[in-house]
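Try each task on the displayed structure before you turn to the solution.

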Amino acid sequence: MDKIQIQRLNQIVSKNNYKRTVKDIKKNKNFDQILNSLNSKSVKFSKHAQQRINTRNINLSDQDLGKIENAIDKAQAKGVKEALIVMGNKAFIASVKNKTIITTANTEELKENVFTNIDGAVII
């Protein structure tokens, strides 16, 4: 289980006061199913995005995750399907329909980069 999964799991468990402990949930092989069932409205991270977060040392606080979720909700309200979310020196490509972050980039990857296959952008 990687850092972002543990971070997100801690947020959801503490936010919703679930009786399950993080230790119990970590043992389960179907982490994604448990996470999605705990809070189906929350933003998810694809395996690719999780790898990028880890390799690019992108740290996300609970507040950051809330901002990303809010940005996805705003994009959805405008009918956006694939969004570029820019937050400070970080960028996220999100599937709005699935509330899933597809990939991430930091300052180095943002320089002279072209983002394709998006139909909206949210700057937070």
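Two strands are said to pair if DSSP finds at least two bridges between them. Helices (H or I, at least four residues) and strands (E, at least two) are DSSP runs, numbered from the N terminus. The model is predicted, so that local features need pLDDT of at least 70 and side-chain atom pairs count only at pLDDT 80 or more, while totals for chains, interfaces and linings use all residues. Residues are numbered from 1 along each chain as its sequence is written, and side-chain values use heavy atoms, with hydrogens and water left out.

**Exercise 1. Describe how strand 3 pairs with strand 2 and with strand 4.**

Step 1. Begin with the whole chain, whose secondary structure comes to six helices and five strands, running α-α-α-β-α-α-β-β-β-α-β from the N terminus on.

Step 2. Look at the two pairings of strand 3. Strand 2 and strand 3 pair in the antiparallel sense over six bridges, and strand 3 pairs with strand 4 in the antiparallel sense over five bridges.

Step 3. Identify partners. In strand 3, Ala94 stands opposite Ala83 and Ser95 stands opposite Glu82, whereas the bridge partner of Ala94 in strand 4 is Ile101.

Step 4. Inspect the turns. The hairpin of strand 2 and strand 3 has two residues between the strands, and Gly88 takes a positive phi near 65° there; the hairpin of strand 3 and strand 4 has four residues between the strands, and in that hairpin Lys99 takes a positive phi near 50°.

**Exercise 2. Which residues of helix 4 are buried, and which residues are exposed on the face turned away from them?**

Step 1. Find the buried residues of helix 4 (residues 47-55), which are Ala49, Gln50 and Ile53. Seen down the axis of helix 4, these buried residues fall within an arc of 100°, so they line one face of the helix; the arc is that of the directions from the helix axis to the C-beta atoms.

Step 2. Recall the general rule that an α-helix has 3.6 residues a turn, so residues three or four places apart point the same way.

Step 3. Turn to the face away from the buried side, where the exposed residues Lys47 and Thr55 are found. After the helix comes Asn57, whose phi is positive, near 50°.

**Exercise 3. Which residues have the most contacts inside the largest nonpolar core?**

Step 1. A nonpolar core is a set of buried Ala, Val, Leu, Ile, Met, Phe, Trp, Tyr and Cys residues joined through side-chain atoms within 4.5 Å.

Step 2. The largest such core has 21 residues, and those with the most contacts inside it are Phe45, Leu60, Ile68, Ile72, Ile85, Phe92 and Ile101. Two or more residues each come from helix 4, helix 5 (62-77), strand 2 (82-87) and strand 3 (90-95), and helix 5 gives the largest share, five residues.

Step 3. Take Ile85 as an example, with contact meaning heavy atoms within 4.5 Å: leaving out residues up to four places away in sequence, Ile85 touches residues including Ile68, Ile72, Phe92 and Val122.

Step 4. Finish with strand 3, where six of the six residues are buried: Lys90, Phe92 and Ala94 lie on one side, and Ala91, Ile93 and Ser95 on the other.

Methods. Buried < 20%, exposed > 50% of the residue type's maximum accessible area, 1.4 Å probe, protein only.
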